[in-house]
Amino acid sequence: MESHRAYSFPLLLIISLLSLHSKVIYGDPSVLFLDSPTRPYLRRSSDQTVSLSPSEIGATASVLLGFAPPSTLTAASSSKLNEVLVPNPFDRPRAMFMVEVAGAEDSQLIAHSDKSPSSNTLRIMVEGNQRVDIQLPDEDEISIVSLNEASINAECSDKELSDFASWLGGSYVEDASQSLNGELLIPIANGAFMRLHMSERADRDFATSLVLLISNMRKAIELHQVLTKSERSPAELITGRFDGIKVLQDHYGKEGIAQSGMEVFVNSISKMFESLQAAYQGQIVGVIAHRGRGSVDSEQENMFHITVNTRSSARWLQETELSPEQIKIAEILFVRTTLAWITGIILLIATLLGIYFLLGMPITKDTLLYSNIKLD
């Protein structure tokens, strides 16, 4: 019970996005910013829905990471950012956890009994169905951890499934005859359990993708601990996409097990977000997003598109292969140049010696000047 209360607050924050307010148009793309409960970086509370364009959302992410917004941002968009962000340019989290959930817009979650205040969330409706471009200035100033390895094509071990189930208060019953063929039980609301049979392709894809997603988030925490001990202190971005819910919906439909899968996903992300808050000492902002109803292409593409400018590296001089004729011409030019320099140096030395002896010679000994004069 205590462990459930420990992450019930961020759990309800994420549920508030996925279940959507009455103000929010069902099926539209939306983004939920989860603010730090100890160090707020956002102004507005969750009872106020904000509408931003994709470029404005990308600029908001850039500012939270500690970078200046793109120069193409208009004055009106800058004014919107000032209404959303805390006006302190010297206090930015410089760390973000950002994940897109495919299929979340079609899931109906069961509200939990205790309602928490939602003053630490910012719900944003995305104007249009375009992707969100996030422009970052320099690859040396940002550390990006990708969660894309948590794809449905990846696999994990029975031990990892067992550890994941225990982490959520559930269990995993292995199949002694075959690996990744057991039964996964995870607690959900009202004392029920979600049962996933690893022999079913959809169940296995959902479970393994979620386990690998959580595993990569833990790796991001380990990387953060390494970066805090080094002289380099870049901004940190943890980003990825989770398609496990859509896999369940495609196989079982949008009711029943798909809803349970959404609840398990929310429980997992909520608990990990608390771990991120503890590891980053509150200096991190979470972002949960879904694309909404759209074309198949838009569902397959990522909502967030990150662009990092790279510095031009110094180019090494490369030796070029010369033809025999070019080599012969080069040798002739080298010999001629060398002879010219040697001849010039000899003439210069002879001239200087001649001037030296001429100035040191007695006047009466100069046969050129006094050749017709008879001296006593």
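Visitor: What makes both faces of β10 count as covered?

Guide: On one side A235, L237, T239 and R241 are buried, and on the other E236, I238, G240 and F242 are buried too. Buried means under 20% relative accessible area, exposed means over 50%, and partly exposed is in between, using a 1.4 Å probe and protein chains only. With eight of the eight residues of β10 (235-242) buried, the strand is largely enclosed by the rest of the structure.

Visitor: What sort of model is this?

Guide: This is a predicted model, where local features need pLDDT of at least 70, side-chain atom pairs count only at pLDDT 80 or more, and totals for chains, interfaces and linings use all residues. Residues are numbered from 1 along each chain as its sequence is written, and side-chain values use heavy atoms, leaving out hydrogens and water.

Visitor: Why is β10 called a strand, and what makes β3 its partner?

Guide: Strands are DSSP runs of E, at least two residues, while helices are runs of H or I, at least four, numbered from the N terminus. Two strands pair if DSSP finds at least two bridges between them. β3 (95-101) has seven bridges to β10, so they pair, in the parallel sense. M96 stands opposite L237 there.

Visitor: Why is S268 called buried?

Guide: Its relative accessible area is 0%, so S268 falls in the buried class. S268 lies in helix α8 (257-279). Leaving aside residues up to four places away in sequence, S268 touches F164, W167, L168, L210 and I214; contact means heavy atoms within 4.5 Å.

Visitor: Which elements do the buried residues of α5 pack against?

Guide: They pack against β7 (171-173), β8 (183-187), α6 (201-228) and α8. In α5 (158-167) the buried residues include F164 and W167, and both of these touch S268. After α5 comes G169, with a positive phi near 85°.

Visitor: How far can the model be trusted, and what is the mean pLDDT?

Guide: pLDDT is the predictor's confidence in each residue, from 0 to 100. The protein's mean is 79, and 75% of its residues reach 70 or more. Over residues 1-7 pLDDT stays under 50. Where pLDDT is low, the predicted coordinates should not be read in detail.
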